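Here is a short briefing on an interface and a sheet. Keep the structure open while reading.

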There are 2 protein chains.
Amino acid sequence: MKMHDFIIIGGGACGLTAGLYASRGGLKPLLLEKEAPGGQLLLTDNIENYPGIEHINGFDLAQKMMNHAQKFGLEMKYEGVETLDLHDDHVALKTKNGEYKAKYVLASLGSNPRKLGVPGEDKYRGKGVSYCATCDGAFYKDKECIIVGGGSSALDEGIALAEHASKVTIVHRRDTFTGEKYLEDLAKKNEKIEFLMEHEVKEIRAGDDGKVDRVLLYDKKNDKEYEFATEGVFIFIGYIPNSSILEGQVKLEHGEVVVNATMQSSHPRLYAGGDIRQGSVKQVIASGGDGAMAAISILHKLRSEQ
Amino acid sequence: MKMHDFIIIGGGACGLTAGLYASRGGLKPLLLEKEAPGGQLLLTDNIENYPGIEHINGFDLAQKMMNHAQKFGLEMKYEGVETLDLHDDHVALKTKNGEYKAKYVLASLGSNPRKLGVPGEDKYRGKGVSYCATCDGAFYKDKECIIVGGGSSALDEGIALAEHASKVTIVHRRDTFTGEKYLEDLAKKNEKIEFLMEHEVKEIRAGDDGKVDRVLLYDKKNDKEYEFATEGVFIFIGYIPNSSILEGQVKLEHGEVVVNATMQSSHPRLYAGGDIRQGSVKQVIASGGDGAMAAISILHKLRSEQ
């Protein structure tokens, strides 16, 4: 089996940047991506904080980053990694399609939206429950929706969703928001957006047609439950790192990979960057920086082993 | 005197990104820049490794980053900081024009490559003279280049450059290298790399097209000067971090600011990011990531102090 110098798992901002740097550095990196390149970028309609590009759609930025890396020679395969085994001198990977070996691996697998864990959430996913306003917002044109959450992504997606929906109600269990102040101000100025603070979603319910038509809310302040009509439930309450293939192999904290300043994990042949690593600020520019750091570190390592 | 929440010193990729994030986060950050925004960006003609933008001039990218941050409210003043004093509850700054106080300060002052100090070096920077093989190596595909220096970075960058160039000649003024032995061995094993020991570059010269085509060398052993054809002159004789105003106030190593994973220095009110900090890979995307990290960390700190 061919020994690759460097395999990247996951094609978000971190993986694509690592691919760009490794390719420019003279390696022939291979990037394995299970679905489509872009990672969480694909779930963001409007990106306004990637320095130098004032406004871009997440899908478009992902495409640009991919094309950029491929221009310098990044090879990509659309295969999800099912197992990863760490050895002293290499890392072994298995996908549905085959097996791979690499001297160094970067895990840039990102993280997935956290679930509310209430009845109806799984049952009605795709029938009114969504974790991505960018993907699904257009299905809710002139409909009333709720957003669950109180951080930057809840606010941001609420603003994005208001472009489509006739009304967006942001339901948050606390009495203050934890997101960027700029986004909070924007949301409050938006005439389509309303707020239900200190409220929790207890259940997601549907009509006879199997499509969400209401939620059961709990008003914490007044300690009472009531039904609230809505056709869309968009959930933005955090993320779970996609680190299951690394469990028991490298040091994790709350599922996030613990890395040093060069993005090296507790195993010298495994690096991690972007949303999957501990301390990530989950921003495109920072994940890209992680990817550059990891690739440059690995280039140095490989050179020292020649 | 007005107490600012957040002052950024230095308007390179790190400072401008921090300004963008802090502004979007609801702060009114002030950025102090002694000359022109952009930092090392201004010294790079062609940038091909900022993910998503396949090709851009350094000056243009700096302008885009500045306009982007200013659009969200970043205030900039063109004043060089002359003194900085750290206190328990604030940081005091003095410029030629006045005095400032801030709860938190980000030092994104960058570093400057140490210069050879020979004729042609400044004139042909970006036109054949470079201080970064990682940034510019790809522009020298199949061309003959020289590396000036004899330490680890000269050797390392020489090996990296040999991935692109057809021939790399390492010109070193001493008869032995001062870099890591394994790098020296690697360089010596590399068929593309040649050596001119006990040689000094006296002048960098260009053809009619204004692009470097030769250098004037001085052979110390035989005490004679001669011209040597080369299209790229890569100078690696060290960096000088712009940390003089921080000396004796925060922990420095070789002039670089020692920071934790949130970019906080040994003093809780002073953060540092980009080329001035220890461990920087000196790349736009990574310095931008440092700026986002610092700004987000400071936003959290300020919220927790409210």
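The points below cover the contact between two chains, then one sheet.

This is a predicted model. Chain A and chain B bury about 3800 Å² between them. Chain B also holds an open sheet of five strands.

**Extent of the interface**
- Chain B brings 44 residues to the contact, and chain A brings 41 residues.
- Carbon and sulfur atoms account for 58% of the buried area.

- Five salt bridges are counted between chain B and chain A.
- A:E48 and B:R24 form a salt bridge, with their closest N and O atoms 3.5 Å apart.

**The chain B side**
- Six helices of chain B each supply at least two residues to the side that touches chain A: α1 (13-24), α2 (58-71), α3 (133-136), α4 (152-161), α5 (181-189) and α6 (284-305).
- The largest share, eight residues, belongs to α6(B).
- By class, this side of chain B has 19 nonpolar, 14 polar and eleven charged residues.

**The sheet in chain B**
- The strand order is β8-β15-β9-β10-β11, and the pairing is parallel.
- β8 (129-130) and β11 (193-197) of chain B are the edge strands, each pairing on one side only.
- In chain B, β9 (residues 144-148) and β10 (residues 167-172) run parallel and are joined by five bridges.
- B:E144 stands opposite B:K167 of β10(B).

**A helix on the sheet**
- α4(B) lies across β9, β10, β11 and β15 (232-235) of chain B.
- α4(B) runs at about 170° to β9(B).
- α4 of chain B is also one of the helices that supply the side touching chain A.

Key
Residues are numbered from 1 along each chain as its sequence is written. Chains are lettered from A and ligands numbered from 1 in the order in which they are written. This is a predicted model: local features need pLDDT of at least 70, side-chain atom pairs count only at pLDDT 80 or more; totals for chains, interfaces and linings use all residues. Side-chain values use heavy atoms; hydrogens and water are left out. Contact means heavy atoms within 4.5 Å. Buried area is the accessible area (1.4 Å probe) that two parts lose on being put together, summed over both. A salt bridge is a side-chain nitrogen of Lys or Arg within 4 Å of a carboxyl oxygen of Asp or Glu. Helices (H or I, at least four residues) and strands (E, at least two) are DSSP runs, numbered from the N terminus. Ala, Val, Leu, Ile, Met, Phe, Trp, Tyr, Cys and Pro count as nonpolar, Asp, Glu, Lys and Arg as charged, and the others, Gly among them, as polar. Two strands pair if DSSP finds at least two bridges between them. Axes are lines fitted to C-alpha atoms, for helices over the stretch in contact, and angles run from 0 to 180 degrees between N-to-C directions.
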